[in-house]
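Follow the chain from its contacts to its overall form, and then to single residues.

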Amino acid sequence: MLAEVHGRIAGICLYFPMYSSWLGESGLYIQDLFVHEEFRSARIGEKLFRQF
């Protein structure tokens, strides 16, 4: 998933759907969450995370 601000890539979130046999439910595994330093005060990381 990409976050863009005015046509520029501000951050990324690389994730995979998963199933936990221990919990018996679906979930997500977030492998990478990165926000470019220039956009870190704009809560881009939180917005990417909350998309789930």
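In the protein chain, 34% of the contacts with a separation of 6 or more are between residues 24 or more positions apart, where contact means heavy atoms within 4.5 Å. The model is a predicted one, in which local features need pLDDT of at least 70, side-chain atom pairs count only at pLDDT 80 or more, and totals for chains, interfaces and linings use all residues. Residues are numbered from 1 along each chain as its sequence is written, and side-chain values use heavy atoms, with hydrogens and water left out.

Helices (H or I, at least four residues) and strands (E, at least two) are DSSP runs, numbered from the N terminus. Along its principal axes the C-alpha trace spans about 40 × 15 × 15 Å.

Of the 52 residues, 19% count as buried; buried means under 20% relative accessible area, exposed over 50%, and partly exposed in between (1.4 Å probe, protein chains only).

Strand β1 (residues 2-5) pairs with strand β2 (residues 8-20) in the antiparallel sense, over four bridges. Pairing requires that DSSP finds at least two bridges between two strands. V5 stands opposite R8 in β2. The two strands form a hairpin with two residues between them. H6 is found in the loop between β1 and β2, and its phi is near 55°, a positive value in a residue other than glycine. With a relative accessibility of 81%, H6 counts as exposed.

Further along β2 lies Y19. Is Y19 buried or exposed? Y19 counts as exposed, because its relative accessibility is 53%. Leaving aside neighbours within four places in sequence, Y19 is in contact with G24, E25 and S26. The C-alpha atoms of Y19 and G45 are separated by 24 Å, and the two residues are 26 apart along the chain.

R43 is found in the loop between β3 (25-35) and α1 (44-49). Phi of R43 is near 60°, again a positive value in a residue other than glycine. R43 is exposed, with a relative accessible area of 52%.
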